[in-house]
Amino acid sequence: MSTLRAELPPGLWERWISHSADLLNSYHKATGRDLMPRGGDAHAEAERLLAAPFVVVSHGTEDDPILNYGNRVALALWEMTPAQLIATPSRLTAEAPLREAREQFLAQAARDGFVHGYEGVRISATGRRFQIANATIWNVTDDAGHPAGQAATFGRWTFL
């Protein structure tokens, strides 16, 4: 078991296994590409997504969406524990003056299925600011095709 898995709140790893499949399947459906090499069972894919060398983060479908997944890179970049992450409204990942632009891209992804090439400034839990580049945002659905939120992935950022 990975160190991070051992730190997850009770029951979270089992939810993240299922959600990892939703993230991977939805990304492929939206973009026609795989987010990472696929193969093995759901546990193995969830482990690889958790350990991926790029950010994967998602939020749910609440009126004020709450973050519901962040892989190791996302947790480190936003300087959060898994318990902090799953209690954070996703709007708080951007500073107040920058939230409108973020919302416009989320709305575009909701309308079109995904958006690629997104850039923006984000803020960690400790106030550290960083610019993300070339992000993809996509709509997440569960295995029955019901809306499950939105996710983002990117591999480049610069601390400001």
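Which residues is S26 in contact with, leaving aside its neighbours within four places in sequence? Keep that in mind while you set up the view.

**Before you start**

This is a predicted model: local features need pLDDT of at least 70, side-chain atom pairs count only at pLDDT 80 or more, and totals for chains, interfaces and linings use all residues. Residues are numbered from 1 along each chain as its sequence is written, and side-chain values use heavy atoms, with hydrogens and water left out.

**Stop 1: the whole chain**

Show the cartoon. The chain has 6 helices and 6 strands. These are DSSP runs numbered from the N terminus: helices are H or I with at least four residues, strands are E with at least two. Their order from the N terminus is α-α-α-β-β-α-α-α-β-β-β-β. The radius of gyration is 15 Å, close to the 15 Å that the globule rule gives for 160 residues, so the chain is as compact as a globular protein of that length. That radius is taken over C-alpha atoms, and the rule is 2.2 Å times the number of residues to the power 0.38. Along the principal axes, the C-alpha atoms fill a box of roughly 40 × 35 × 30 Å.

Colour by accessibility. Of the 160 residues, 46% count as buried. Buried means under 20% relative accessible area, exposed over 50%, and partly exposed in between (1.4 Å probe, protein chains only).

**Stop 2: S26**

Select S26, in helix α2 (residues 12-31). Its contacts, leaving aside neighbours within four places in sequence, are W138, N139, V140 and T141. Contact means heavy atoms within 4.5 Å. S26 has a relative accessible area of 3% and is buried.

**Stop 3: helix α3**

Move to residues 42-51, helix α3. Its buried residues are E45, A46, L49 and L50.

Now select D41, which caps the N-terminal end of α3. One of its side-chain oxygens lies 3.2 Å from the backbone nitrogen of H43.

**Stop 4: the aromatic cluster**

Select W78, F130, F154, W157 and F159. Ring pairs link these residues into a cluster. Rings of Phe, Tyr and Trp (its six-membered ring) pair if their centres lie within 6.5 Å; planes under 30 degrees apart count as stacked, over 60 as edge-to-face and the rest as tilted. The whole structure holds 6 aromatic pairs. One of them joins F154 and W157 edge-to-face, at 6.1 Å centre to centre with 80 degrees between the planes. F154 is buried at 3% relative accessibility, whereas W157 is partly exposed at 28%.

**Stop 5: strand β4**

Go to A133, in strand β4 (residues 129-141). Is A133 buried or exposed? It counts as buried, at 13% relative accessibility. Beyond four places in sequence, A133 touches Y118, E119, F154 and R156. Check the C-alpha atoms of A133 and E119: they are 4.6 Å apart, although 14 residues separate them along the chain.

N134 is also in β4. Its phi is near 55 degrees, a positive value in a residue other than glycine. N134 is partly exposed at 36%.

**Stop 6: E79**

Finish in the loop between α4 (72-77) and α5 (82-85), where E79 lies. Phi of E79 is near 55 degrees, a positive value in a non-glycine residue. At 32% relative accessibility, E79 counts as partly exposed.

Note on methods. Polar contact = N/O pair within 3.5 Å; in protein donor to acceptor, adjacent residues only side chain to side chain.
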